[in-house]
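Good morning, and thank you for making time for this presentation. Please have the sequence and the structure open while I speak.

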Amino acid sequence: MKIPVGIPVFVAAAGTDPKFAKMVSRWLVSAGVWLLLASAVGLLEAFRLVDPEILADHAFLTFGRLRPVHTMTMLFGWASMALVGLMFYVVAKSAWLPMNNPLTRLELISSNAALWLVNIGVGVGAIALCTGDLSGGGEYRRYPWYCMAPIFAAIGIVGVVFYRIIARRRVGAVYISCWFAMAATFWVAVVVFMGYQTFWKTGLAWVIVDGFYIHNAVGMWFTPLAVGLTYYALPKLLNKPIYSYALGVLGFFTHLVFYTVIGTHHYIHTPLPLALQTTAVIFSVAMIVPVWASTGNFLMTMKGERLAISHSYSLPFIFVGVLGYGFASLQGSFESLRSVQETLHFTHYTVGHAHFAMYVFVTFLIWGCMYGLVPRMTGREPPILLVTLHFWLALAGIAVYVVGLCIGGQVQGESWVAGEPFMESVRKTLPHMVWRSVGGALMLVSHVFFFLALWRMRPGAFTMAFTPAKGG
Amino acid sequence: MAFNIHTSHRLLFLIPAVSYLVLVAVCAVIPAMLEQQREAEVEAPFEDALLERGRRLYRDFNCVACHTQQIRGDEALASVIEGERLIPVLKADARFGREVASRREEYAHQQPPFMGTQRTGPDLSSVGRRLPEAQWHYWHLYTPQSVSPDSLMPPHRFLFTTTQPSDDVAADYEKVLNIEGLGLPGKELWATPDARALVEYLLSLNREFIEAEGLSR
């Protein structure tokens, strides 16, 4: 077996426009800061599900308010900023733009402005939630409108910049990563608009929009960006072509059609129109097609590359992330079934699934792409020890977390079906709440190592030394 | 320009964008508009300032993070009695003292409806009938574990104020009685207007009565 050896990262990075590298790095470091904050908040919340008296005397730190601070900061501060930051690099590279001058001055300025708009939105959002303005209303859109407005503007800027980069590509075909990037920015703009419009804000009309929003915010934004990044990073890191380009195209279009209509599976067994519920269940199962088109594609690309993966510090993250994509989505299809929902809906199982998807799938792929691609842009590699600690602690932490909560959710749901007193289900799941805290603590520690590694990859004097004059 | 999605970024932008808008219209916009029409047939509820304030506090303390307001039904066992379609309650939801599942009318004109997706604590759609005593809710909000041992609910003590027996208290505060179990020796406990509003809202959650009216109609 041969280990594919690409060119050394400092050669790959040579000539990269330092302004571009700094812009991308700002997105990634901001994401890292939000990750640390949001995981600390999440861990505090996990502890409180074991002992509700922790920090209980302040209204602005109460459980109900910090929970959306955790979810919103993770979604918009961490995952969105990290994915967009990496996507700038991937779109520019797969459009074959000259890396010594990929973006125009205006594009650079607006991309930096977009970065600060998101940071302002997430920062003000956390304060607004803590002070009790949850007027956004629904799950994953708890921010009041004035926090979402700057984020919405940033999405617009990013979408236009992506489009312009792709439009001036120096290659005939548009690579599949760019398909996902371009589509996702448009899709999420529609999703955020739907989440914050004021035409349907009461009754079941609101609930329909809520189901749509919850699932499309995840599936038409995080999933396409994470999958799009992987379509670039995985072949690049293995130094070989993707197994099947056609499978990628199949995945793209089936994802578009199937994922859009499954939101109502969050509201099965409710008074919502039965046709809408059944459509959601059918297409949730059909999601196996796009998910395994891409997962299978990635796995087939990795086939026979065991040695390369075990010798790389970025590919293990991508390997775990790809498996996470396949199996978290499979779990989601299974959870949408009516008979399964009778027991598992409303339980901690759902929380376990949400973390499985956002962490093992999205977050591990982000990390893999960061460790794989950022050194090729800045010329600086992270210390292997930090990455190793990061990988194993994060993997152990999320394993304890997801397994603990999925078993706990099953116990909780079975207790309900058996007709035991409600408090019995609370007592029975207490050990699982403890496991959740243990897993969360391991994850938080791993994030500290990750942040240190990310900081070591930032563009610095080394990058500049290899930068020739502009226009070369 | 050849019609080739692989080489035309315009097509590549337009096709997913337009298809998405069509799908959004089919799966969200049109169903929402239809529901809105149905909602207009239900009479808007009586507006009460204290209730409205309680409802807003329920939203801003994010009670919906742990409490649902929906009793799920088993569609397969639906029956029609006197023109009303009744759906029996799912086994897992049967403990909350309701005979029929939540219905469309329950959520009419609520902005937003607190259906919820998580049930770390019990369902509250009929809590006003299960637990009709305001004083119980004051004890529970102050220290949930005092009335419900092993509860995981965070205490909401910031909705209350403690005083010495001799102190003056504003007129819109309500005294909490029988506070021996709350660990406040020699003190008095007062519910702030916020606590009163929140409890007023909780007591108003009495959904089976709404259904009973629906049945007799």
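This is a predicted model: local features need pLDDT of at least 70, side-chain atom pairs count only at pLDDT 80 or more; totals for chains, interfaces and linings use all residues.

Among the elements of chain A, which has the lowest mean pLDDT, and which the highest? The lowest is helix α18 of chain A (residues 461-465), with a mean of 53, and the highest is α4(A), with 98. Here pLDDT is the predictor's confidence in each residue, on a scale from 0 to 100. Helices (H or I, at least four residues) and strands (E, at least two) are DSSP runs, numbered from the N terminus.

Residues are numbered from 1 along each chain as its sequence is written, and chains are lettered from A and ligands numbered from 1 in the order in which they are written.

For chain A the mean pLDDT is 94, and 96% of its residues reach 70 or more. Over residues 467-472 of chain A, however, the pLDDT is below 50, and this stretch has 8 contacts in the model beyond near neighbours in sequence. A contact requires that the C-beta atoms of two residues, placed from the backbone, lie within 7 Å.

I turn to the interface. In the model, 59 residues of chain B are in contact with 68 residues of chain A. On the chain B side, the elements that give two or more residues are α1 (9-40) and α2 (49-60) of chain B. The most comes from α1(B), with 17 residues. By class, this side of chain B divides into 29 nonpolar, 17 polar and 13 charged residues. The classes are as follows: Ala, Val, Leu, Ile, Met, Phe, Trp, Tyr, Cys and Pro are nonpolar, Asp, Glu, Lys and Arg are charged, and the others, Gly among them, are polar.

Next, a helix pair in chain A. The axes of α3(A) (residues 63-94) and α4(A) (residues 105-130) come within 9 Å and cross at roughly 170°. Axes are lines fitted to C-alpha atoms, for helices over the stretch in contact, with angles from 0 to 180 degrees between N-to-C directions. The crossing makes α3(A) roughly antiparallel to α4(A), a term used for angles over 145 degrees. Residues of α3(A) in this contact include Met72(A), Phe76(A) and Phe88(A), and those of α4(A) include Val118(A), Val122(A) and Leu129(A). The contact has 11 nonpolar, 6 polar and 1 charged residues.

Chain B also holds a sheet. Three strands form an open sheet in the order β3-β5-β4 (chain B), with antiparallel pairing. Two strands pair if DSSP finds at least two bridges between them. The edge strands, β3 and β4 of chain B, each pair on one side only. On average, neighbouring strands of this sheet are turned by 35° against each other, direction ignored. β3(B) and β5(B) pair over 4 bridges, whereas 3 bridges join β4(B) to β5(B). Trp190(B) in β5(B) stands opposite Thr161(B) and also opposite Lys175(B). The uncovered face of β5(B) holds Glu188(B) and Trp190(B), and the covered face holds Leu189(B) and Ala191(B).

Which residues of helix α4 of chain B (residues 134-142) are buried? They are His137(B), Tyr138(B), Trp139(B), His140(B), Leu141(B) and Tyr142(B). Buried means that 20 or more other C-beta atoms lie within 10 Å of the residue's own, exposed means 12 or fewer, and partly exposed lies in between. The cover over these residues includes α5 (144-147), β3 (160-163), β4 (174-176), β5 (188-191) and α6 (193-204) of chain B.

Finally, the backbone geometry. Most residues other than glycine have a negative phi, and most peptide bonds are trans. Tyr140(A), in the loop between α4 and α5 (145-167) of chain A, has a positive phi near 65°. Tyr140(A) counts as buried, with 20 C-beta neighbours inside 10 Å. Asn62(B), in the loop between α2 and β1 (79-81) of chain B, has a positive phi near 55°. A cis peptide bond joins Gln111(B) and Pro112(B), with omega about -15°. Pro112(B) lies in the loop between β2 (84-86) and α3 (127-130) of chain B.

How values were computed. Angles under 35 degrees count as roughly parallel, over 145 as roughly antiparallel, 65 to 115 as roughly perpendicular and the rest as oblique.
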